[in-house]
Amino acid sequence: MNNIRIGFIGAGHVSNSMSKAIDNIEGLEKYAVASRDINKAEKFAKDHNFKKSYGSYKEMLEDNNVELVYIATPVSHHYEHVKMSLEYGKHVLCEKTFTSSYQEAKELIDISKKKKLLLADAIWTRYMPSRYKIEEFINSGIIGVPKMLEANLGYILTNKARLFNKELSGGALYEIGIYPINLALSVLGNNFKDIKVISIMDDNGIDLQSSVILKYYNGTIANLLYSINSMTDSRAVIACTKGYIVIENVNNPQNIYVYSQERKLLDSYSKNDGIRGYEYQLKSVVKSINNGIIECKDMPHNEILEEMKLVNIITEQNRTEQNRTEQNRTEQNRTEQN
């Protein structure tokens, strides 16, 4: 079977990592890269052994040799670039967070179904072996039934200007919040009946850090914390009726520990295959395309939509709180002036 020729839209840091991962798997051929800066595209192509470089996304998509497009532009541009790629008849792997809203995601998935083209979400944790080890530990029943999940992820990213630009879908949610959110949906599902969001916003409406609490119909609860202005230990704990699971490094799980009710170590998993992680999603994409499937089983379309529904709820609660804060500030200023 011939290699699938891939083209990149975006030539930034994450594209570097994805390009290196392609070198470690079979079934893909580095073919083209496009950037709005032709010099950047040419340098990337030279450094990473791509055959072609383009200074226009449209120009690359018009190249009939491109079969699969990897999109690594800011979240605010994902909808536009995914739609354009699908309309040119290309399969698509789109970086996280998938889109800025549920409505955008739904429209893109509908297009992929209509055109019978693969559309995949590149949230790498869903494709890693660690994801399936967590499921295995829970399904074994060794520590009973999950009742509570707590996950945190925080980095000091105040030096990244794009994260403080609303037009680029900046903020903690799209950058890193999606990881604990996706973990909760993966482990506990999406049948929650209530959600409470508490966020710290800057004066421009950028979410700096948040606590998201999900209350499920079956009595389970999830507390998800994420931040771009403080450092956390990036751990998750899944509390169950007979013990608990500890996950180290929520956005790239390396070690998982299973403890009994007496806090005795029952089992563990350590990722030691030397693979950074992007390879797993690439293998899933290649397998899906070769089998004529338009979604990856690791992160199917319905789960993308459930994730984006939750993102919508969080952003709407943040927006409501920001409007309330601005109104209070305006009223306070009026009072002081009087």
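**Pockets and surface of the predicted model**

The lining of the second largest pocket comprises 4 nonpolar, 9 polar and 4 charged residues. In this classification Ala, Val, Leu, Ile, Met, Phe, Trp, Tyr, Cys and Pro are nonpolar, Asp, Glu, Lys and Arg are charged, and the others, Gly among them, are polar. The model is predicted, so local features need pLDDT of at least 70 and side-chain atom pairs count only at pLDDT 80 or more, while totals for chains, interfaces and linings use all residues. Residues are numbered from 1 along each chain as its sequence is written, and side-chain values use heavy atoms, with hydrogens and water left out.

The second largest pocket has a volume of about 390 Å³. A pocket is an open set of points on a 1 Å grid over the protein atoms alone, where a 1.4 Å probe fits, with protein on both sides within 12 Å along at least five of seven lines; lining residues have an atom within 4 Å of a point. Grid points are joined across faces, edges and corners, and the volume is the space filled by probe spheres set on them. The second largest pocket is lined by 17 residues. Nearest its centre lie K166, Y174, G205, T315 and R319. Helix α9 gives the most, with 6 residues. Helices (H or I, at least four residues) and strands (E, at least two) are DSSP runs, numbered from the N terminus.

The largest pocket has a volume of about 1,100 Å³. Its lining holds 42 residues, and H13, V14, K160, R162 and E175 are the closest to its centre. By class, 17 are nonpolar, 16 polar and 9 charged. At least two lining residues come from each of α1 (13–22), α4 (78–87) and α7 (172–188). Helix α7 gives the most, with 4 residues.

I213 sits in strand β9 (residues 207–216). Its relative accessible area is 31%, so I213 is partly exposed (buried is under 20%, exposed over 50%, partly exposed in between; 1.4 Å probe, protein chains only).

N24 lies in the loop between α1 and β2 (28–34). N24 is exposed, at 54% relative accessibility. N24 and E279 are 255 residues apart in sequence, but 7.1 Å apart in space, C-alpha to C-alpha.
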